[in-house]
Amino acid sequence: MKGSLWAWIIQRISAVLLLVFVGVHFGIMHFVDPTVEITFADTSLRLKNVLYAIVDSGLLAVGLFHGLNGLRAIIIDYWPRASRTATYILTVVGLAACGWGSTALFLFLNAK
Amino acid sequence: MALNKGGYTAKKAKCCQMNREVRVYADLKPRYFRTGMWSHLLHRVSGIAITFFLLLHIWEVTSVTRGGSAGFDRTMAGLSSKLFVIGEWFLFLAITFHGINGVRLMLHDLGWGVRKQKALFWTVFGLCAVLIAAGSYYFIMRFLAYPWAAAH
């Protein structure tokens, strides 16, 4: 299979995963006890639950992939010549954001 | 510029070596818009908005978290203002539409309901309206509970 076909298939698979991840993350943040103040201690406690850790780290990786791959598809639609350059730049942006964001996740997981 | 049955213009692709006629689905002239075009445009605009929000969100939360727990609590308290509730409500609109319309697109990809896509677009629209109306209750509660500018 060509790379573009893989990009299409993984975009669909990540979409299904994101329906679950975004639903849980957004639901907990905004619909369960919506006026509660978010604190470091509560967030750390929440993320030590394996399911929440999977949801939030999954959102970081899968969400970034889905979003940036979507941007790539839009760029290619309007500006096909930039395909390769866009792919390189968006890959670097995605890996950087994923690396940067995971340092926060580890801080929460290592907090006492 | 030839006009085909679907209402889209056909242009010569300059990028390809084959130089063949291709359908341009991303034509931005509103007179060619059907429900499918609106759904396509809304899906893209909401997708771009959510992606930029995600990058901002990762940058912001990580920076604040790395600054320590006291700073984290202070910043999160500072974000409890009416202004941010409005922003979150728009994010809620975007992800609700993008998610539900995305399900419709994936069903079409599997070959399901392609002939009923106009009806399904309005089904998506109706589902979004119901979900947004229900979810907005919580946003209104928070909007009323928070001050315009939270104390840091």
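**View 1. Val22(A) and its partners in this predicted model.** Skip the neighbours within four places in sequence, and Val22(A) is in contact with Leu59(A) from its own chain, plus Ile95(B) and Gly99(B) from chain B. Val22(A) also turns up in the largest nonpolar core, as one of the residues that touch the most other members.

**View 2. The largest nonpolar core, 17 residues in all.** Which residues touch the most other members? They are Phe21(A), Val22(A), Leu59(A), Val62(A), Leu64(A) and Leu68(A). At least two residues each come from α1 (3-30), α3 and α4 of chain A and from α1 of chain B. α3(A) brings the largest share, with 8 residues.

**View 3. Helix α1(B), end to end.** How far apart are the end C-alpha atoms of α1(B)? They sit 46 Å apart, and that agrees with expectation, because 32 residues at 1.5 Å a residue should span 46 Å. Just past this helix, Gly68(B) takes a positive phi, about 105°.

**View 4. The buried residues of α1(B).** Buried here are Ser39(B), Ser46(B), Gly47(B), Ile50(B), Thr51(B), Leu54(B), Ile58(B), Thr62(B) and Thr65(B). An α-helix has 3.6 residues a turn, so residues three or four places apart point the same way. What covers these buried positions comes from both chains: the cover includes α3 (50-78) and α4 of chain A, along with α2, α3 and α4 of chain B.

**View 5. Where chain B touches chain A.** The contact takes 31 residues from chain B and 32 from chain A. On the chain B side, the elements giving two or more residues are α1 (35-66), α2 (69-78), α3 (82-109) and α4 (117-145). α1(B) gives the most, with 12 residues. By type, the chain B side splits into 16 nonpolar, 9 polar and 6 charged residues.

**View 6. Chain B as a whole.** Chain B has 4 helices and 3 strands, running β-β-β-α-α-α-α from the N terminus. Of its 152 residues, 13% count as buried. Take the chain B contacts between residues at least 6 apart in sequence, and 62% of them join residues at least 24 apart.

**View 7. Confidence along chain A.** Chain A has a mean pLDDT of 91, with 97% of its residues at 70 or more.

Key. Residues numbered from 1 in each chain as written. Chains lettered and ligands numbered in written order. Predicted model: local features only at pLDDT ≥ 70, side-chain atom pairs only at ≥ 80, totals over all residues. Contact = placed C-beta atoms within 7 Å. Nonpolar A, V, L, I, M, F, W, Y, C, P; charged D, E, K, R; others polar. Buried ≥ 20, exposed ≤ 12 C-beta atoms within 10 Å, placed from the backbone. pLDDT = per-residue confidence, 0-100. Expected span 1.5 Å × (residues − 1). Core = buried A, V, L, I, M, F, W, Y, C linked by C-beta atoms within 7 Å.
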